[in-house]
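This report describes selected features of one protein chain. The sequence and the structure are shown first, and the description follows.

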Amino acid sequence: MDLLKNIFKGDKVIWIIFLCLCLISIIEVFSAASTLTYKSGDHWGPITQHSVILMVGAVLVVLMHNIPYKWFQVFPVFLYPISLLLLAFVTIMGIVTGDRVNGAARWMTFMGVQFQPSELAKMAIIIAVSFILSKRQDDEGANPKAFKYIMIITGIALLLIAPENLSTAMLLFGVVFIMMFIGRVAAKKLLLLVGGIVLIGAIGVGTVVAIPAKTLHNTPGLHRLETWQNRIKGFFDKEEVPAARFDIDKDAQIAHARIAIATSNVVAKGRATLYNAIS
């Protein structure tokens, strides 16, 4: 018992939330991996792989938890420039070699381990923003220079992430914005930032919809233009596609979700039943 207390020391509520999220992720992966199950016929492959990764991650969390927090403030010093270099490298390699996964150059392999450099950038930015907000505080809130520094380091990373993974860039910006709000950055600056983002977003959406995708699909930074157009049109276009015209290969996730809904009741169907329904 004492050993467990020493390992899982700290806020018990946070540990409980962490463990619950791990369990939920197993269920989510089990549900979302229907495409892999359909293609391979291996029902337990994705869930086994995810469980192993979770166990390795849990060990890393425990080890990191036992490192004095003051050491984390030095992480962005080397992690931020490294992540920028890796993001630039992946983007350039995608342009030069055309090596992309699902139309995006997000992944790279190091010593047999595949990862996304944007994950390193997210970690570096969040730690850096936390450090800036903690060090530049006065009686009236965050120092005005804090906002400038945060926008610079965040903006550079987002410019490298957005062309290949726009949704990740948007989520990361949202996290940084919430951190600035909690960190007492002046409300005027935040409102001006929101106004600017809304204006740029409206212009961007209009431009994306208006430009013919096929004419720019080979342009660096705009190769995912067609994907953005389809998602915008899919969001505003609520027309239901008849079952006879549904493309199960092109819209596999939607198709599998509808199959699961159509073949289940109050009690959900199991993976084997879903696999048989798809087959």
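At 23% relative accessibility, lysine 122 is classed as partly exposed. The model discussed here is a predicted one. The side chain of lysine 122 meets that of glutamate 119 in a salt bridge, with an N to O distance of 2.9 Å. A search of the whole structure finds one salt bridge. Glutamate 119 is also partly exposed, because its relative accessible area is 40%, and the class runs between 20% and 50%. Both residues belong to helix 6 (residues 117-135), where a spacing of three residues separates them by about one helical turn.

**Confidence**

The average pLDDT of the protein chain is 78, and 72% of the residues score at least 70. Over residues 271-279 the pLDDT falls below 50, although this stretch has 22 contacts in the model beyond near neighbours in sequence.

**Aromatic pairs**

The count of aromatic pairs comes to four. Two of them are set out below.

| Ring pair | Distance between centres | Angle between planes | Class |
|---|---|---|---|
| Phenylalanine 75 and phenylalanine 78 | 5.9 Å | 55 degrees | tilted |
| Phenylalanine 173 and phenylalanine 177 | 6.4 Å | 40 degrees | tilted |

Phenylalanine 75 and phenylalanine 78 are both located in helix 5, three residues apart, about one turn of the helix. Phenylalanine 78 is partly exposed, at 44% relative accessibility.

In helix 8 (residues 166-182), phenylalanine 173 and phenylalanine 177 are four residues apart, again about one turn of the helix. Phenylalanine 173 is buried, with a relative accessible area of 18%, whereas phenylalanine 177 counts as partly exposed at 23%. The two fall into separate classes because buried means under 20% relative accessible area.

**Nonpolar surface patch**

Phe78 is also part of a nonpolar patch on the surface, together with Met64, Ile67, Trp71, Val74, Val77 and Ile82. The accessible area of these residues together is about 660 Å². Helix 5 supplies the largest share of the patch, namely three residues. Methionine 64, by contrast, is placed in helix 4 (residues 45-65). With a relative accessibility of 34%, methionine 64 counts as partly exposed. This value also meets the requirement for patch residues, which is over 30% relative accessible area.

Which residues does leucine 84 contact, leaving aside its neighbours within four places in sequence? They are Ile156, Ala157 and Leu160. Leucine 84 is part of helix 5 (residues 75-97) and is buried, with a relative accessible area of 16%. Between leucine 84 and isoleucine 161 there are 77 residues in sequence, while the C-alpha to C-alpha distance is 9.3 Å.

Asparagine 165 is found in the loop between helix 7 (144-161) and helix 8. Is asparagine 165 buried or exposed? At 6% relative accessibility, asparagine 165 counts as buried. Apart from residues up to four places away in sequence, asparagine 165 touches Arg106 and Gln116.

Note on methods: Residues are numbered from 1 along each chain as its sequence is written. This is a predicted model: local features need pLDDT of at least 70, side-chain atom pairs count only at pLDDT 80 or more; totals for chains, interfaces and linings use all residues. Side-chain values use heavy atoms; hydrogens and water are left out. pLDDT is the predictor's confidence in each residue, from 0 to 100. Contact means heavy atoms within 4.5 Å. Helices (H or I, at least four residues) and strands (E, at least two) are DSSP runs, numbered from the N terminus. Buried means under 20% relative accessible area, exposed over 50%, partly exposed in between (1.4 Å probe, protein chains only). Patches are made of residues with over 30% relative accessible area and no salt bridge: like charges are joined within 9 Å, nonpolar side chains (Val, Leu, Ile, Met, Phe, Trp, Tyr) within 5 Å. Accessible areas come from the Shrake-Rupley method with a 1.4 Å probe; for residues, only the protein chains shown count as cover. A salt bridge is a side-chain nitrogen of Lys or Arg within 4 Å of a carboxyl oxygen of Asp or Glu. Rings of Phe, Tyr and Trp (its six-membered ring) pair if their centres lie within 6.5 Å; planes under 30 degrees apart count as stacked, over 60 as edge-to-face and the rest as tilted.
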